Each structure stands twice: as structure tokens, then as C-alpha cells.
Amino acid sequence: MTLLDRNCAVCGARLTLHQRARGPTCDGWRCRERALGHALEAHRAEAAVALGIERPADYALFVVPRTERPVVPLPARRKRRFHAHLRRAVAAAARGEGEAVPAPEGPADVSEGEGGLAPLPEAETRLLGQACAACRGTCCRHGREHAFLGGLRLARTLAAHPEATPEQAVATYLAYLPEESFEDACVYQGPRGCTLPRALRADLCNAYLCAGLKSYRRHLARHGPTPGCAVVREDNRIARSAFFDAGRLRRYEPAAARCPRPPTSSG
Ligand code: SF4
Ligand code: SF4
Ligand SMILES: [Zn+2]
């Protein structure tokens with residue numbers, strides 16, 4: 001696609017200048033979806049050649065959002081804020097009050113959960129975890145210094161461990177903090193994923209599925225444990241991807257995505 005292509009690559013309609021600069025299609029959602037499907041398949045084929053993967057079509061395609069934050073030592077000031085949050089949550093738990101957690105920032109669908117869906121078998125559940133690892137936990141950036149933990153969650157943890165004092169519960173949560181985490185993301189988001197055991201995580205963390213993960217989950221529910229190809233997109237561009245199966249994760253970044261973007265023509 002160049003700025004000289006004047007017609008939608010799918011339906012053939014004449015494109016405006018703005019549409020030509022944005023991509024190969026008109027604004028029709030069917031045209032955009034078809035073009036995205038083609039672009040994803042082309043990327044998967046290109047990545048498979050680079051990575052020496054023989055049967056790329058065996059890897060279920062889905063799109064995940066992009067996050068690019070460095071991994072840094074978890075700053076003391078962030079640990080202090082999280083500690084203060086835990087103390088407030090424990091106090092709320094003692095008063096029988098609800099989740100003293102700020103509303104999540106960012107995409108509106110961050111509060112969507114897996115609620116109501118039948119649990120998947122173990123192999124499929126492991127693959128879903130691999131998918132999030134391939135994405136590097138974009139949605140976890142919203143966990144900041146609260147990790148979505150509130151009074152109700154802390155109350156459940158304390159009820160499950162009646163021998164523990166509230167101070168011990170707080171100390172347990174603090175003990176799972178990683179040495180290093182993604183800058184300004186959830187305090188528990190370490191370089192190899194969440195360091196907090198599932199049983200201690202907020203319900204939202206255990207239930208949330210972004211749109212891409214939902215589509216992969218539907219695929220797993222229908223076809224069983226299938227390896228995946230998570231394609232990371234931002235601003236309608238493919239940034240990179242990761243192929244994964246139960247045991248292995250291989251990343252690919254096209255050369256074009258590593259280079260600065262070319263200037264766009266106004267003609
Ligand atoms: S649900 Fe998983 S795949 Fe989706 S944004 Fe969050 S970490 Fe990434
Ligand atoms: S506790 Fe774990 S799953 Fe929840 S937001 Fe933080 S890193 Fe993500
Ligand atoms: Zn079209």
C-alpha cells in the first residue's frame with residue numbers, strides 16, 4: 001500500500017486522502033476486518049519463516065495491545081504506597097467494608113471479566129497464561145500501587161487463614177513483591193509475569209480477558225489446546241508477535257517496526 005493506491009483494497013471504493021494515509025481500505029468495518037485478517041496472516045507467515053516454524057497456520061492468531069515499559073528496580077516510594085494501600089484495605093476488611101480500590105484507568109473494557117464462562121481444562125488454561133506472557137501483561141499496567149486488592153479480597157484472605165493477624169496478611173502480600181518490575185505498572189508485574197500467587201490475587205486479575213485473549217479463549221474452547229500467535233498492534237501497525245505453545249515462547253519483531261517510521265507525504 002502506498003499513497004498512490006487510490007481505491008479500497010477490498011471493496012474497490014475510492015479512498016479519501018486521509019483513508020489512503022491510514023491504510024489500504026475504506027472505513028467499512030468489513031473491509032477493515034478483512035484487511036486486518038490478511039495483514040495478520042501475512043505477518044504470521046513472515047515471522048514463521050524468520051523463526052523456522054514449519055506450520056504457522058497451526059498457531060491461532062489474535063491481537064493484543066502494546067506496552068513498552070522498561071523493567072526497573074521496584075522503587076522504595078512505590079513499595080511504601082502499596083504498603084499504605086494494604087493497610088487501608090486491611091482496615092476496611094476489619095470494618096466489613098468493600099473494595100477500597102481506585103477505579104481502573106485506561107481502556108473501558110479493563111473491567112470485563114471471565115464471569116459466567118465455564119472453566120477451561122488445565123492445558124488450555126496454561127496456554128492462556130502463555131498468551132499473557134507473550135503480551136507482557138499490558139493490562140497489568142493499571143494495577144499500579146493497589147494491584148486491585150481491596151477490603152473484600154483481604155477479608156477473604158484473612159478468613160481463609162484465621163490463624164493469621166492482619167499484620168501478617170499484609171507482610172505476606174509484601175513478601176511477594178519482586179525486586180524488579182515494569183516501570184509504573186502493577187507493583188507485582190515482574191519481568192517473568194505476575195509474582196503474586198493466583199490464590200492471593202484480586203478477582204479482577206483472575207478473571208480479566210482483553211478482547212484478543214477472549215477470542216483466543218473461544219478458539220481454545222472450540223478446538224482444544226492449540227498453540228497461539230499473539231500479534232502486538234498499536235496505532236493500526238503491527239509492532240511484533242510471539243509464537244507460543246505449552247513449553248516455549250518465541251518472539252519476532254519485523255525490521256520495519258524496529259526502524260523509525262517514515263515521514264508521510266501530504267500529496
Ligand atoms: S489479558 Fe493478557 S493478553 Fe490481554 S492485555 Fe492483559 S496481559 Fe495482555
Ligand atoms: S496482581 Fe498480578 S495479575 Fe494483578 S494487576 Fe498485578 S501483575 Fe497483573
Ligand atoms: Zn472498502
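**View 1. Confidence across the predicted model.** This is a predicted model, in which local features need pLDDT of at least 70 and side-chain atom pairs count only at pLDDT 80 or more, while totals for chains, interfaces and linings use all residues. Residues are numbered from 1 along each chain as its sequence is written, chains are lettered from A and ligands numbered from 1 in the order in which they are written, and side-chain values use heavy atoms, with hydrogens and water left out. The pLDDT (the predictor's confidence in each residue, from 0 to 100) averages 85 over the protein, and 87% of the residues score at least 70. For residues 103-113 pLDDT stays under 50, as it does for residues 259-267. Where pLDDT is low, the predicted coordinates should not be read in detail.

**View 2. The open sheet of four strands.** Strands (DSSP runs of E, at least two residues, numbered from the N terminus, as helices are from runs of H or I, at least four residues) follow the order β1-β6-β7-β8, with mixed pairing, where two strands pair if DSSP finds at least two bridges between them. Because β1 (60-65) and β8 (249-252) each have a single partner strand, they stand at the edges, and one side of each is left without a neighbour in the sheet.

**View 3. Strand β6 and its two partners.** Six bridges join β1 to β6 (residues 228-234) in parallel, and in this pairing leucine 61 has cysteine 229 as its bridge partner. On the β7 side, seven bridges hold an antiparallel pairing with β6, and valine 231 is partnered there by serine 241. In the hairpin of β6 and β7, with two residues between the strands, aspartate 235 takes a positive phi near 50°.

**View 4. The buried side of helix α6.** Ala169, Val170 and Tyr173 are the buried residues of α6 (residues 166-175). They cover an arc of only 100° around the axis (the arc being that of the directions from the helix axis to the C-beta atoms), which puts them on the same side of α6. These buried residues pack against α3 (76-94) and α5 (151-160), with contact meaning heavy atoms within 4.5 Å. The face turned away from the buried side carries the exposed residues Glu167 and Ala175.

Notes: Buried means under 20% relative accessible area, exposed over 50%, partly exposed in between (1.4 Å probe, protein chains only).
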